[in-house]
Amino acid sequence: MSFIRPDNKVIAEALGDINTLPSNMQMAVKHKVDESFQPVPTPRSGDWLRQHQEKGQTLKSFERTMSKAIPHATFKTIYIQPVGIFNHLRAAPLDVITEFSRVFFAGCEVEVLPAIDFTNSMSHRDNSGVVQYRTDGFYNLLAETRDKRDKRRELLCVAVTMADIYPDDKWNFVYGQASPLDGFGVYSFARLDPLFFKSSNKLNNTPLTDEHRIIIRRRCVKILLHEVGHLFGLKHCIYYVCLMNGANHEIEMDRQPLYLCPVCLRKLHSTLQFDVKQMYENFVNLCEKYELEEETIWYRRRLELIQEKDT
Ligand SMILES: [Zn+2]
Ligand SMILES: [Zn+2]
């Protein structure tokens, strides 16, 4: 599939009229954009944009999307439902993921539920020695356990697991999948471990090196924000290198940054109406606390830029 990189005119159209935005949001989406945001690289064989026709989602088409989460009244809580075991040495850091999600989806509550186990009725298969669970089983599980959550608070509920997952027999695996109509998603952290491909039963007992801890932390936060972003109605981004770019493999996933491009930021802002300066400040504080160095540098610089006098 041939991908045509959007030019400035196409990006301006996707962004829509920004004059009605608060002044710091105007700065966030227009000021020194070329310094902070990179163009999408030409897709190579095996890349997402080679295999999927993405036409891009403008602000207008985002606003028309019906199946998206919009916090309202008491319905502001994103529930995270761990499925299976999370108490081993290499498990995803759910507390860190929760902190980042709370800041990123500003105004929403994020709550981790007690872990539950896989049920016998969940379909699974053996893929070259790796047990994989089919994603529909997680949606059924979330529907069956709805009574355990506060219905008046639930905006979204996402299942997370250390098991590998697949949507149907046509796919080898997926990192995650969203079902926006139900407000459900399921995300697997299995492949985020750099030792996944060397995996064996012993893996869970192998202590993390500092390097691997940071890699896993960064990838877990990224997958969760990207996938929950889909539930907020954000489609895959074609405008810049962005958290919402599609990813087919590890290199593409690692290339996705932990920030939204101006078009995606504007879309999320149109729903959440956050103070972007405050949100960036909270986010950079977490990046610093959890030693995400590249992200700390990016957010600090972006904060400086959006507070410059517009010229
Ligand atoms: Zn995606
Ligand atoms: Zn984007």
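Predicted model: local features only at pLDDT ≥ 70, side-chain atom pairs only at ≥ 80, totals over all residues.
Figure 1. Domain 1 is made of two stretches of the protein chain, 1–65 and 239–311, while domain 2 covers 67–232. The contact takes 32 residues from domain 1 and 31 residues from domain 2. Taken over C-alpha atoms, the centres of the two domains are 23 Å apart.

**Figure 2. Helix α8 and the glycine that follows.** Helix α8 runs over residues 210–231. Its 22 residues should span 32 Å at 1.5 Å a residue, and the end C-alpha atoms are 32 Å apart, which agrees. Of these 22 residues, 18 are buried, so α8 is largely enclosed by the rest of the structure. After α8 comes glycine 233, which has a positive phi, near 100°.

**Figure 3. The site of the zinc ion (ligand 1).** Three histidines coordinate the zinc ion (ligand 1) through their NE2 atoms: His226, His230 and His236, at 2.0 to 2.1 Å. Along the sequence these donor residues have the spacing H-x3-H-x5-H. Histidine 226 and histidine 230 lie in helix α8 and, because they are 4 residues apart, are separated by about one helical turn. An α-helix has 3.6 residues a turn, so residues three or four places apart point the same way. Histidine 226 and histidine 230 are both buried.

**Figure 4. The site of the zinc ion (ligand 2).** The zinc ion (ligand 2) is coordinated by the SG atoms of Cys237, Cys242, Cys261 and Cys264, at 2.3 to 2.4 Å. The angles among the 4 donor atoms are 103 to 115°, and the site is tetrahedral. The donors of the zinc ion (ligand 2) are spaced C-x4-C-x18-C-x2-C along the chain. Within this set, cysteine 237 and cysteine 261 link distant parts of the chain, 24 residues apart. Cysteine 237 sits in the loop between α8 and α9 (250–255), and cysteine 261 in the loop between α9 and α10 (262–272). Both cysteine 237 and cysteine 261 are buried.

**Figure 5. The surroundings of alanine 178.** Alanine 178 is placed in strand β7, residues 176–179. Its relative accessibility is 25%, so alanine 178 counts as partly exposed. Apart from neighbours within four places in sequence, alanine 178 is in contact with Tyr139, Phe184, Gly185, Glu227, His230 and Leu231. Lysine 30 is 148 residues from alanine 178 along the chain, and the C-alpha atoms of the two are separated by 30 Å.

**Figure 6. Helix α12 and what covers it.** Helix α12 is formed by the 14 residues 293–306. From its first C-alpha to its last, α12 reaches 20 Å, close to the 20 Å expected at 1.5 Å a residue. Its buried residues are Glu295, Thr296, Trp298, Tyr299, Arg302, Leu303, Leu305 and Ile306. The elements that cover these buried residues include α2 (23–30), α3 (33–36), α8 and α11 (276–289).

Notes:
Residues numbered from 1 in each chain as written. Chains lettered and ligands numbered in written order. Heavy atoms only, no water. Helix = DSSP H or I, 4+ residues; strand = E, 2+ residues; numbered from the N terminus. Expected span 1.5 Å × (residues − 1). Buried < 20%, exposed > 50% of the residue type's maximum accessible area, 1.4 Å probe, protein only. Donors = N, O, S within 2.8 Å, 3.2 Å for Na, K, Ca; no water. Tetrahedral: all angles 85-135°; square planar, octahedral: opposite > 155°, others 65-115°. Domains from an automatic or database assignment. Contact = heavy atoms within 4.5 Å.
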